[in-house]
Amino acid sequence: MDKTTQSLDGKRRCAWCAVAPDELEPYHDSEWGFPVADDQRLFEKISLEGFQAGLSWRTILAKREHFRAAFAGFDFYRVAAFDERDVERLLKDAGIVRHRGKIEAVINNARRAVEMVEQEGSLTAYFWRFEPEADEVAVPQSVSTSPTSVALSKDLKKRGWKFVGPTTVFAFMQAMGMINDHAETCFLRPHIEEARRTFIRPAH
C-alpha cells in the first residue's frame with residue numbers, strides 16, 4: 001500500500017501532508033526526519049510531542065510560535081525556573097494547549113534536562129545514544145512504537161521525565177531524525193538518508 005500522495009507540484013510526499021498541504025508540506029520538506037543536534041531544538045520537539053498526545057500534529061504546528069513565546073523559546077534553563085505563577089499564566093494563554101498536566105510536565109522536564117546535561121554532557125549525546133541499528137527499524141510508517149522507543153521512554157521516566165510514553169517518544173524519534181520514517185516512495189526519503197549519512201553523531 002502506497003503511503004504517499006501526489007502534491008500539486010507533482011512530488012510524492014508522505015500521505016499525512018494531504019490533510020493540510022499549506023501547513024504540513026513545508027514542515028515535512030524542511031524539518032521532519034532531518035537529524036537534529038541542538039539541545040534546545042530537541043527539547044522543543046519532545047515537549048511539543050508531549051502536548052500532541054490526544055491531538056493532531058496540525059493543531060500543535062499551528063500553535064508552535066505561541067508555544068515558543070510562552071515557553072521562552074524552549075530554553076530549558078529558563079523554563080526550569082518557572083514556578084506556579086507561570087503555570088497559572090500559561091493556563092490562561094489561549095495560544096497554546098491549556099492542559100495543566102502537560103504544562104507542568106514541560107517545566108518538570110526542563111529541570112530534568114538541566115540535570116541530564118550535567119550528567120551526560122548534552123541532550124544530543126544522550127538521545128543519539130539510543131539510535132537503533134538499521135535492521136532494527138520497521139518498514140516506514142508501519143508502527144507507532146518500537147523497542148527503542150520503549151527503552152528510551154523507560155529510561156526517561158526513570159530519570160523523572162513526564163509525558164514521555166513510548167508512542168510520544170517514537171514520534172519524537174521520527175521528527176528528530178533518529179530514524180527515517182518517510183514513506184518508501186516519498187521524494188524526500190533519499191534526501192533524509194543522505195542527511196543521516198553525513199550527520200556527525202555526538203561521541204558517546
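Helices in this report are DSSP runs of at least four residues, numbered from the N terminus. The structure described here is a predicted model.

## The chain as a whole

The secondary structure of the chain amounts to 11 helices and 2 strands. Read along the sequence, the elements follow the pattern β-β-α-α-α-α-α-α-α-α-α-α-α. How does the radius of gyration of the chain agree with that of a compact globule? For 204 residues, a compact globule would have a radius of gyration near 17 Å, and the chain has 17 Å, so the two agree. Along its principal axes, the C-alpha trace spans about 50 × 40 × 25 Å.

Buried residues make up 50% of the 204 residues. The accessible surface of the chain comes to about 10000 Å², and 53% of that surface belongs to carbon and sulfur atoms. Among the contacts with a separation of 6 or more, 64% are accounted for by residues 24 or more positions apart.

Val106 is placed in helix α7, which covers residues 100-120. Is Val106 buried or exposed? Its relative accessible area is 3%, and buried means under 20%, so Val106 counts as buried. Leaving aside residues up to four places away in sequence, Val106 touches Phe43, Ser47, Phe51, Phe71 and Val79.

## Helix α2

Phe43, Ser47 and Phe51, which are among the residues that Val106 touches, are also among the buried residues of helix α2. An α-helix has 3.6 residues a turn, so residues three or four places apart point the same way.

Helix α2 comprises residues 39-52. At 1.5 Å a residue, its 14 residues should span 20 Å; the end C-alpha atoms are 20 Å apart, which agrees. The helix is mostly covered, with 11 of its 14 residues buried. The buried residues include Asp39, Leu42, Glu44, Lys45 and Ile46.

Both ends of α2 can be described. At the start, a side-chain oxygen of Asp38 reaches to within 3.1 Å of the backbone nitrogen of Gln40. After the helix comes Gly54, whose phi is positive, near 85 degrees.

## Salt bridges

How many salt bridges does the count come to? The count is 24 salt bridges. The table sets out three of them.

| Pair | N to O distance |
|---|---|
| Glu44 and Arg68 | 2.9 Å |
| Arg68 and Glu65 | 2.6 Å |
| Arg159 and Glu120 | 2.7 Å |

Glu44 forms a salt bridge with Arg68, the closest N and O atoms being 2.9 Å apart. This pair links distant parts of the chain, for Glu44 is in helix α2 and Arg68 is in helix α4 (residues 64-70), 24 residues apart. Glu44 is buried because its relative accessible area is 9%, while Arg68, with 25%, is partly exposed.

Arg68 also meets Glu65 in a salt bridge. Arg68 and Glu65 are 3 residues apart in helix α4 and are therefore separated by about one helical turn. Glu65 has a relative accessibility of 51%, and it counts as exposed because the cut-off for that class is over 50%.

The side chains of Arg159 and Glu120 meet in another salt bridge. This pair, too, links distant parts of the chain: Arg159 lies in the loop between α9 (147-158) and α10 (166-176), and Glu120 lies in helix α7, 39 residues apart. Arg159 is partly exposed, with a relative accessible area of 23%, and Glu120 counts as partly exposed at 25%.

Salt bridges that share partners also join residues into one network, made up of Glu31, Glu44, Lys45, Arg64, Glu65 and Arg68.

## Ser146 in a loop

Where does Ser146 lie? Ser146 is in the loop between α8 (123-128) and α9. Its relative accessible area is 14%, which is under 20%, so Ser146 counts as buried. Not counting residues up to four places away in sequence, Ser146 touches Phe170 and Met173.

Methods
Residues are numbered from 1 along each chain as its sequence is written. This is a predicted model: local features need pLDDT of at least 70, side-chain atom pairs count only at pLDDT 80 or more; totals for chains, interfaces and linings use all residues. Side-chain values use heavy atoms; hydrogens and water are left out. Buried means under 20% relative accessible area, exposed over 50%, partly exposed in between (1.4 Å probe, protein chains only). Contact means heavy atoms within 4.5 Å. The expected span of a helix is 1.5 Å times one less than its number of residues. A polar contact is a pair of N or O atoms within 3.5 Å; within protein, one must be able to donate a hydrogen and the other to accept it, and residues adjacent in sequence count only if both atoms are side-chain atoms. A salt bridge is a side-chain nitrogen of Lys or Arg within 4 Å of a carboxyl oxygen of Asp or Glu. The radius of gyration is taken over C-alpha atoms; the globule rule is 2.2 Å times the number of residues to the power 0.38. Accessible areas come from the Shrake-Rupley method with a 1.4 Å probe; for residues, only the protein chains shown count as cover.
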